[in-house]
Amino acid sequence: MRFDLLFDDLEGQLETQLAADEAQQRIEAERLRAARTGLRERLAVLAAGHGGGIRLRLVDGTAVEIEPGTVGADWLAGALPGGAQAIVPVAAIASLSLSAEQARASRARPPEPARPDLTAKLAIGVVLRDLARRRVPVDVLIAGETGATHGTIDRVGLDHIDLAVHGRGVARRETSVAEHRVVALASVAMVRVL
């Protein structure tokens, strides 16, 4: 009978130790997941409907209010106040200003898409090529410059865009182009689609 008490006590100690080990493994797994989580993943969670608009501080110091909508491989698209749309390279985001709820939500695991999310694999060049193909007038915010440059994207190269600079509200015609600018993609802070 004394052995029964001894074995019960040992069994209880073992169960307690196993539960503590499991809890420690879960904590370590979560730390590892957090260490591997990038800004893009946190933006994807926010774009999936966790918390509304956010404020971005871009690398050039510009503050942008945006309602996240779509997150690609290296870009965020969303609505700006007033109805315009914007495309922001993730590399151009210096910081996010979030509410406590948004910060908590952004640390969660991104939701698993019901079907393969091909948009998440598209690089910013693909999106800009589509704007060029459709001849959409844009404002390009270039790091290191004051204000946005208005024009139409003519071409998108591997690491740059060709921007035909022209007046706002003026159709892109060769006679209306004030200058042709070649802009490195690394210096594009934001593209506002009008």
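Colleague: Before we look at any residue, what counts as a strand here, and where does H166 lie?

Modeller: Strands are DSSP runs of E, at least two residues long and numbered from the N terminus, and in this predicted model H166 lies in strand 8.

Colleague: Is H166 buried or exposed, and which residues is H166 in contact with?

Modeller: Buried means under 20% relative accessible area, so H166, at 4% relative accessibility, counts as buried. Leaving aside neighbours within four places in sequence, H166 is in contact with H150, G151, T152, R172, S176 and V177. With one of these, T152, the side chain of H166 makes a polar contact of 2.7 Å.

Colleague: How should I read the burial pattern of a helix, and which residues are buried in helix 4?

Modeller: The general idea is that an α-helix has 3.6 residues a turn, so residues three or four places apart point the same way. In helix 4, which spans residues 124–134, the buried residues are I124, G125, V127, L128, L131 and A132. Viewed down the axis of helix 4, these buried residues fall within an arc of 160 degrees, so they line one face of the helix.

Colleague: What covers the buried residues of helix 4, and which residue follows the helix?

Modeller: The cover includes strand 3 (75–79), strand 4 (85–89), strand 6 (137–142), strand 7 (148–156), strand 8 (160–166) and strand 10 (188–193). Helix 4 is followed by R135, whose phi is positive, near 60 degrees.

Colleague: Turning to charged pairs, how many salt bridges are found in the whole structure, and with which residue does R135 form one?

Modeller: Side chains of opposite charge can pair when their charged atoms come close. A search of the whole structure finds 10 salt bridges. Among them, R135 pairs with D154, the closest N and O atoms being 2.9 Å apart. This pair links distant parts of the chain, with R135 in the loop between helix 4 and strand 6 and D154 in strand 7, 19 residues apart. R135 is partly exposed, with a relative accessible area of 37%, whereas D154 is buried, at 18%.

Colleague: Which strands hold R55 and E65, and what do their side chains form?

Modeller: The side chains of R55 and E65 meet in a salt bridge of 2.8 Å, N to O. R55 lies in strand 1 (residues 54–58) and E65 in strand 2 (residues 63–71), so the pair ties together parts that are 10 residues apart in sequence.

Colleague: What about D162 and R155?

Modeller: Their side chains also meet in a salt bridge, at 3.3 Å, N to O. Salt bridges that share partners, moreover, join R135, D154, R172 and E174 into one network.

Terms used: Residues numbered from 1 in each chain as written. Predicted model: local features only at pLDDT ≥ 70, side-chain atom pairs only at ≥ 80, totals over all residues. Heavy atoms only, no water. Buried < 20%, exposed > 50% of the residue type's maximum accessible area, 1.4 Å probe, protein only. Helix = DSSP H or I, 4+ residues; strand = E, 2+ residues; numbered from the N terminus. Arc of directions from axis to C-beta. Contact = heavy atoms within 4.5 Å. Polar contact = N/O pair within 3.5 Å; in protein donor to acceptor, adjacent residues only side chain to side chain. Salt bridge = Lys/Arg side-chain N within 4 Å of Asp/Glu carboxyl O.
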